[in-house]
Structure formats: structure tokens, C-alpha cells
Amino acid sequence: MLKKITQINTVSLFSGCGGGDLGLQGNFKYLGKKFAPTGFKVKWANDILPFAVETYIENFGEHIVNKDIAKVKSSEIPDHDLLVGGFPCQTFSMVGQRKGTDDPRGVLYKQMIRVLKSKKPKAFIGENVKGLISISKGKVFNQMIKDFERAGYNVTYKVLNASHYGVPQKRERVFIVGVRKDLNKVFTFEEPPNIVVNLKDVVEDNATVDRKYYFSQRALDGLKKANKAFNKGRAQSLNGPSNTISTHLSKVSLNGTDPVLLTAPGVYRRLTPLEAARIQSFPDNFKFDGSEAKQ
């Protein structure tokens, strides 16, 4: 009789505050729906940002190491079944300078390769921005896939849109999944359930939102003078998923590309931290440490 696997031991790299680990492990409640434990258990995690690690510890425990992964020896990482890593994406993003592997962050995926070669887990999951596929006419991405394959894995990938999976955000990311070659398996992506959650389902009641989140009339008047097409495609429709949340949400302006809400005729505001968290599918009881900008 085959032994039933009750727990899949997981190592998480580039963990941030733990959003990916939360989704992987389950056992939380989001917008009234309870997500049961999945069987995946993150036993060891790593991130270089102290404030992100503080938030991770607050929500998950102290199994995360605050250290540059390049300085972590493979012997310090426990054996595991699954390796996951959303390696840094800024250098590949369509809204960034797209330096690719010319940026030191652009080669951090090789730390995943190092761990795969050393620890030989059964499978891995990598995640990054959609723009990774097209940078340098696909040469960078093709090299990454070859590197993962040479590490001993059958690799498949697909661009997924979070809004097709019950997340109120039009966020496209490429997911790279590898299964160790000796297992003779290839991962296949299922069709998305196309569960749509709209922005109106996660925004706060205007009566409870602090005035600091609203744009002043002066700011509105100034933009109208500078831009005749004011609000053309800028303000979010509450009847659909949000635009992609960026890493600099606290600096949102009316002439940028980040989500702005039109909550009443002529009344514009930026998202609150709670709304931004909900849009990214964090449960309301998730605790974010640090200043609002850090959150």
C-alpha cells in the first residue's frame, strides 16, 4: 500500500511578508469564505528586508531567516519536498527600467537553482512578472528555463491572471513549475475557475475612511488644467477587478498608473492599506508591521 502524504514540507525563498506562503498553506478566511489547510507546510523561509520579516514573524512564526539568500549556505536550509520562490521582479517589470540580468536582482533566480541542485526537492514553483517572458526578446526567460531544466527538472510555465481566481485584481504573473525528472511527471495547469470578485466587494465605507486618503480640490483642478483627458481610464470602476497594485502605493498620484477610486461625483481618493490588502487577497486579520509606507 502506498503511504499517504499528509504534509508537504516546503522551503520559501524571497518570502516577503508571506502572502505567497499564506495562499499555499491555506487555513484562513477571506471575504467570508474559509480556506482549509492544504497540506503544504512552510518549514523554513527567507527574506532580506527586515520589516517584511517582522510582519512574517507576526503572522506565521519565527521559521524565517532575515539574510541575503546569497550568503545562506545550502547546509543551513532543511531538506524539503517543495521549493517556492517569487524571485525579485522589479528588474523585469514593464513599468521598470527592465535592466534584466544587468541588475543584480535579475540573477537571484540562480539562488533557487543552487538550492535545487543541492537539496533536490521533488518540485519547485517560481513566480515573476509577465514582462519576464519578453525582456531581451525572450532570451533571458529561455535561459532561465534551460537553467531550471539542467538542475534536473521537467519545467512548464504559464501566465495566470489573479482576477480569474477570485482575486479582485487584474494581476498577471508567470508561474514556473518544475518536477524532478526522476519522478517522470510533468505538471499541467488546469483551466481557471473564472471566479470574479469586483472592487466594490472590498472597498471600505467612505464614511469611515480618513480624509488623508482623499485628493484635494487643488490637486484635481491642477490635473484638469494639465490633462484634458482627465479621468479617461484613470479612476477604477468599482464593478470590476482593480488594476495591479504596485510596490509604491503610498505615493499614488492622480497622474500615475496606480489604482485611484472615484467614490462620488468629483470625489477621488487612493486606496487605504486595508483595501490594498484585500485587493491582494490578504484576510482582514493579517497584521502588517511598520509605517504605512512600509505596509
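**Reading cores and contacts in a predicted model**

Mentor: In this predicted model, the largest nonpolar core holds 28 residues, and those with the most contacts inside it are Leu 13, Leu 83, Phe 87, Met 112, Phe 124, Phe 148 and Ile 176.

Trainee: Which helices and strands each supply at least two residues of this core?

Mentor: The general idea is that nonpolar side chains in soluble globular proteins tend to be buried together. Here, at least two residues each come from strand 1 (8-13), helix 3 (109-119), helix 4 (139-150), strand 8 (153-161) and strand 9 (172-180). There is also a second, separate core of 13 residues, which includes Phe 28, Val 202, Leu 271 and Ile 279.

Trainee: Leaving aside neighbours within four places in sequence, which residues is Leu 83 in contact with?

Mentor: With those neighbours left aside, the contacts of Leu 83 include Val 11 and Leu 13, together with Met 112, Val 115 and Leu 116, and also Pro 121, Ala 123, Phe 124 and Ile 125. For the chain as a whole, 69% of the contacts between residues at least 6 apart in sequence join residues at least 24 apart.

Trainee: Is Glu 58 buried, partly exposed or exposed?

Mentor: Glu 58, which has its place in helix 2 (residues 50-60), counts as partly exposed because its relative accessibility is 43%, and that value lies between the 20% and 50% cut-offs. Not counting residues up to four places away in sequence, Glu 58 touches Lys 287 and Asp 289; the C-alpha atoms of Glu 58 and Lys 287 are separated by 6.8 Å, although the two residues are 229 apart along the chain.

Trainee: How many of the residues of the chain count as buried?

Mentor: Of its 295 residues, 42% count as buried, while the chain exposes about 16400 Å², of which carbon and sulfur atoms supply 52%.

Terms used: Residues are numbered from 1 along each chain as its sequence is written. This is a predicted model: local features need pLDDT of at least 70, side-chain atom pairs count only at pLDDT 80 or more; totals for chains, interfaces and linings use all residues. Side-chain values use heavy atoms; hydrogens and water are left out. Helices (H or I, at least four residues) and strands (E, at least two) are DSSP runs, numbered from the N terminus. Buried means under 20% relative accessible area, exposed over 50%, partly exposed in between (1.4 Å probe, protein chains only). Contact means heavy atoms within 4.5 Å. A nonpolar core is a set of buried Ala, Val, Leu, Ile, Met, Phe, Trp, Tyr and Cys residues joined through side-chain atoms within 4.5 Å. Accessible areas come from the Shrake-Rupley method with a 1.4 Å probe; for residues, only the protein chains shown count as cover.
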